[in-house]
Amino acid sequence: MQFRLEKRQEPSRFMLYATPVAAVVLTMVLGAIIFTTIGFDGVGAVREIFLTPLINPLKWQDLAVKASPLIIIAVGLSIGYRANVWNIGAEGQYIVGALAGTGVALATWEMTGWWLLPLMIIAGVAGGMAYAAVPALLRVKFKVNEILTTLMLTYVSVQLLNYLVLGPWINPTGYGQAQTRLFNADQTLPYIIPGTIVQLGTPIALIVALVAWVLMSKSMFGFQIRVVGLAPHAARYGGFSENRTIWLALLVGGGLAGLAGVLEVAGPFGRMVPSFPTNYGFTAIIVAFLGRLNPLGIVVAGIVLAITFVGGQVAQTTIGLPFPAVGLFQAMMLFLLLAGDILVRYRLRRVVRLPAAGEVA
Amino acid sequence: MSPELLIGIIITLVGASTPILFAALGELVAEKSGVLNLGVEGMMLVGAVICFAVTYNTGNPWLGILSAALASAAVSMIFAVLTLGLSANQVATGLALTIFGTGFSALFGRAYTGKPLALFKSVFPDALATHPLLRAVFGYSPLVYLSLAMVALVWWFLAKTRGGLILRAVGESDISAHSMGYSVIGVRYAAVAFGGAMAGIGGSCFPLMLTPQWVEGLTAGRGWIALALVVFGAWRPIRLLGGAYLFGLVMTIELYAKAGGGIAHVVPSQFWAALPYLATILVLVLISLRQSSNTSAPACLGKPFLPTN
């Protein structure tokens with residue numbers, strides 16, 4: 001029996017949404033098998049990583065906390081990816097956004113007032129945008145590939161963070177420990193559900209996704225971004241500037257990564273520390289793809305990835321599974337999703353071979 | 001500057017460049033065939049952890065290098081099946097490969113945290129490396145000589161052989177190569193596997209000559225620098241060699257600055273740590289200034305090939 005791939009007239013909408021679900025399910029099945037073969041408790045790993053955080057209501061608040069930055073960053077990235085602008089340095093923009101917010105917090109540390117937090121957030125967005133403006137400028141002016149520049153700047157931002165928290169920003173009353181002062185009450189995100197750890201970052205993430213969805217599907221801006229990505233020649237003919245799209249894509253991606261950064265430092269962290277970079281910027285790339293570059297899909301995908309993070313911590317304590325295993329599960333999910341992509345554009349057809357004349361007895 | 005210091009700097013910079021040189025050479029061949037594999041960093045990490053594990057358990061570094069090459073080539077096949085077999089997006093798949101390699105090396109490296117590994121011994125008798133000048137010739141790890149041999153081999157293959165000609169044809173014009181009867185996909189599979197094996201050997205340089213203890217994420221973005229180096233070298237092996245040593249020099253400055261001396265006290269150490277990455281960006285800008293457009297890139301780079309449609 002032979003199969004052949006046949007191009008579809010139009011991409012299959014069913015497959016577009018079915019393949020991410022299939023990728024997650026297949027990851028669980030394959031993950032259980034692979035981890036069992038290499039000597040771990042495979043079934044236990046899948047149960048703890050994918051199901052426990054979902055079943056146990058006590059873990060839901062952790063999911064909200066983890067999913068929020070992932071959703072905010074991934075929404076920004078998805079807009080760029082739709083326009084074929086490959087910003088993979090969201091981690092750097094996230095760090096610089098958080099640093100900008102921290103700078104404001106430290107400068108206003110002895111002040112109080114409702115305006116402190118909004119000011120920090122504006123600084124965070126601006127910081128992320130400024131950091132993404134560098135690769136945008138280099139791409140537009142010098143045609144330098146943004147994949148490499150955004151990534152190189154991520155490594156630079158980690159060094160900038162280390163320099164600041166060890167040097168000029170070190171807590172003067174912290175006995176030389178590498179961290180800043182704890183932000184004051186007006187500089188930290190309020191809790192929105194009493195008795196939980198859910199902060200203002202979670203509703204902001206949902207609003208960001210909703211606004212992006214309206215913009216991308218209902219506005220001229222969204223149309224322009226999609227056309228530039230799908231058909232650059234047509235876009236040029238239609239008068240859409242490619243350079244302007246590159247700028248927009250990187251500034252939006254950087255700004256949202258910066259927003260996620262400042263919400264994280266003013267939220268769960270409450271101060272800047274060297275361990276601030278937690279690879280949210282890289283994981284958000286998986287979230288963006290798993291969510292099919294659609295803001296609403298990204299909300300679901302963000303929760304799925306948050307489940308694996310929270311579940312990874314559970315599995316570490318309950319069955320002793322090392323935390324990096326989570327990275328393998330996440331990569332496997334992305335591999336399977338990309339493999340399934342072909343089913344969106346092609347259909348599998350059975351080839352019925354007619355016996356050739358000579359073969360008939 | 002004393003000759004001893006100068007030779008010390010040369011030896012350090014050659015060592016620092018060797019992993020990047022291996023990985024970039026492999027990526028160069030893959031890109032020449034028209035495939036952009038952004039998974040170099042991940043494949044290097046897989047190579048590093050496999051090499052560490054095999055060398056630690058067998059005591060034979062050559063076996064470690066071989067296993068690293070095989071493991072990374074195997075991992076690169078995930079990328080090849082997805083992008084060549086299923087024509088998945090090369091950028092996204094390469095990123096997924098890096099995420100995979102990072103997780104893989106972190107998971108399997110944990111068992112070796114803090115365990116020491118003997119450095120790869122020189123293949124020459126010790127007596128040859130006593131004088132500083134002789135040391136500049138004979139004082140390197142065997143991997144360094146292997147990397148130089150690979151530069152020559154890749155150059156010879158691409159420029160002088162029929163196989164190299166076919167590979168370049170596939171990267172420049174897949175449709176013509178296909179109509180001439182060459183298997184575009186087959187050539188690309190081979191090129192990706194070679195790229196994987198070379199990234200694996202590049203990764204094995206870390207435990208064998210640079211950090212003789214297991215450290216999570218020990219490649220620290222060198223795989224990405226290798227990708228930039230291919231652009232810098234304009235897809236030519238000899239230029240790649242020069243570029244790799246230039247990056248090695250920048251990284252050596254960091255090491256010497258950290259050890260203390262001169263301007264190191266004026267500039268914070270984090271600046272020196274960030275310097276290789278900043279230098280990469282600067283170099284990319286300079287290159288694009290010189291070549292008005294990226295004319296030297298293979299014409300089919302990153303584009304999927306579907307013969308039947």
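The following questions and answers concern a predicted model.

Residues are numbered from 1 along each chain as written, with chains lettered from A and ligands numbered from 1 in written order. In this predicted model local features need pLDDT of at least 70 and side-chain atom pairs pLDDT 80 or more, while totals for chains, interfaces and linings use all residues.

Visitor: Which pattern does chain B follow along the sequence?
Guide: Helices (H or I, at least four residues) and strands (E, at least two) are DSSP runs, numbered from the N terminus. Chain B has 12 helices and zero strands. Its pattern is therefore written from helices, under that DSSP definition. The pattern reads α-α-α-α-α-α-α-α-α-α-α-α.

Visitor: What radius of gyration does chain B have?
Guide: The radius is taken over C-alpha atoms, and the globule rule is 2.2 Å times the number of residues to the power 0.38. For 309 residues, a compact globule would come near 19 Å; chain B agrees, with 20 Å.

Visitor: Which helix of chain A gives the most to the side that touches chain B?
Guide: Two residues are in contact if their C-beta atoms, placed from the backbone, lie within 7 Å. By this criterion, 34 residues of chain A are in contact with 39 residues of chain B. At least two residues of that side of chain A come from each of helix 5 (116-142), helix 6 (146-166), helix 11 (280-290) and helix 13 (325-340). The one giving the most, with 10 residues, is helix 6.

Visitor: Is I298(A) buried or exposed?
Guide: I298(A) is placed in helix 12 (residues 295-318) of chain A. A residue is buried if 20 or more other C-beta atoms lie within 10 Å of its own, exposed if 12 or fewer, and partly exposed in between, with C-beta atoms placed from the backbone. Because I298(A) has 32 C-beta neighbours inside 10 Å, it counts as buried.

Visitor: What distance separates the C-alpha atoms of I298(A) and I71(A)?
Guide: Beyond its neighbours within four places in sequence, I298(A) is in contact with residues including I71(A), A74(A) and V287(A). I298(A) and I71(A) are 227 residues apart along the chain, and their C-alpha atoms are separated by 6.2 Å.

Visitor: How many residues of helix 4 of chain A are buried?
Guide: Helix 4 (residues 90-107) has 18 residues and reaches 26 Å from first C-alpha to last, close to the 26 Å expected at 1.5 Å a residue. The expected span is 1.5 Å times one less than the number of residues. Helix 4 of chain A is mostly covered, and of its 18 residues the buried ones number 15.
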